[in-house]
Amino acid sequence: MTTTVYARVESPLGELLLVGEVGPDAAGADGVRLRSLSMPGQKGGAVVQEGWQHAPEAFAEVARQLEAYFAGRSTRFDVPLAEGAGTEFQRRVWAALESIPYGSTVSYGEVAARVGASGAGVRAVGTAIGRNPLLVVRPCHRVIGADGALRGYAGGLERKKLLLGIEDGAG
């Protein structure tokens with residue numbers, strides 16, 4: 001049986017809501033697995049539900065890694081993630097996001113090609129990216145328009161610009 005826990009942490013993007021699952025994973029190991037990272041006003045962001053337990057201590061390592069990322073001292077996240085979210089297609093798109101190197105950007109078309117959904121599939125890729133429940137940790141902010149313009153971000157374009165600035169050393 002799993003328990004849903006949550007915590008709020010301050011960041012340059014505003015107060016982030018971290019949601020996780022506590023309980024044995026597929027391998028039987030106990031611990032917290034991050035299910036969602038949302039920011040204020042985010043389209044489709046998580047909202048604390050009745051029955052969830054406030055457990056900031058459970059997210060101490062995630063908070064430490066976020067702080068290091070925002071300070072420019074870390075380029076990657078190494079936190080256990082909850083499994084089972086999203087459709088098979090969304091999970092393929094999200095895996096492609098995780099392979100985009102820190103400080104780099106790719107176009108929606110490039111992501112579509114990586115998952116075998118080029119052409120009309122670019123729109124479906126954009127929708128899958130927009131449903132990424134792990135903003136910042138799963139770097140959907142690194143996907144931009146083919147013309148180099150910032151396009152869509154569930155947390156808002158100003159936050160996308162801030163994240164890209166951090167990764168460019170200008171944050």
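The largest nonpolar core has 41 residues, and those with the most contacts inside it are L66, F70, I129 and V136; such a core is a set of buried Ala, Val, Leu, Ile, Met, Phe, Trp, Tyr and Cys residues joined through side-chain atoms within 4.5 Å, where buried means under 20% relative accessible area with a 1.4 Å probe, protein chains only. Among the elements that each supply at least two residues of this core are strand 1 (3-9), strand 3 (32-38), helix 1 (60-70) and helix 5 (157-167), helices (H or I, at least four residues) and strands (E, at least two) being DSSP runs numbered from the N terminus. This is a predicted model, in which local features need pLDDT of at least 70, side-chain atom pairs count only at pLDDT 80 or more, and totals for chains, interfaces and linings use all residues. Residues are numbered from 1 along each chain as its sequence is written, and side-chain values use heavy atoms, with hydrogens and water left out.

Within helix 5 sits K160, which is buried yet has no salt bridge, the nearest side chain of opposite charge, D147, being 10 Å away; a salt bridge would need a side-chain nitrogen of Lys or Arg within 4 Å of a carboxyl oxygen of Asp or Glu. A polar atom of the K160 side chain does lie 3.0 Å from the backbone oxygen of G152.

The open sheet has four strands in the order 3-2-1-4, with mixed pairing. Strand 3 and strand 4 (53-54) stand at its edges, each with a single partner strand, so one side of each is left without a neighbour in the sheet. Strands 1 and 4 run parallel and are joined by two bridges, and H54 in strand 4 is the bridge partner of Y6; two strands pair if DSSP finds at least two bridges between them.

Conventions. Buried < 20%, exposed > 50% of the residue type's maximum accessible area, 1.4 Å probe, protein only. Lys, Arg positive; Asp, Glu negative; His and termini not counted. Polar contact = N/O pair within 3.5 Å; in protein donor to acceptor, adjacent residues only side chain to side chain.
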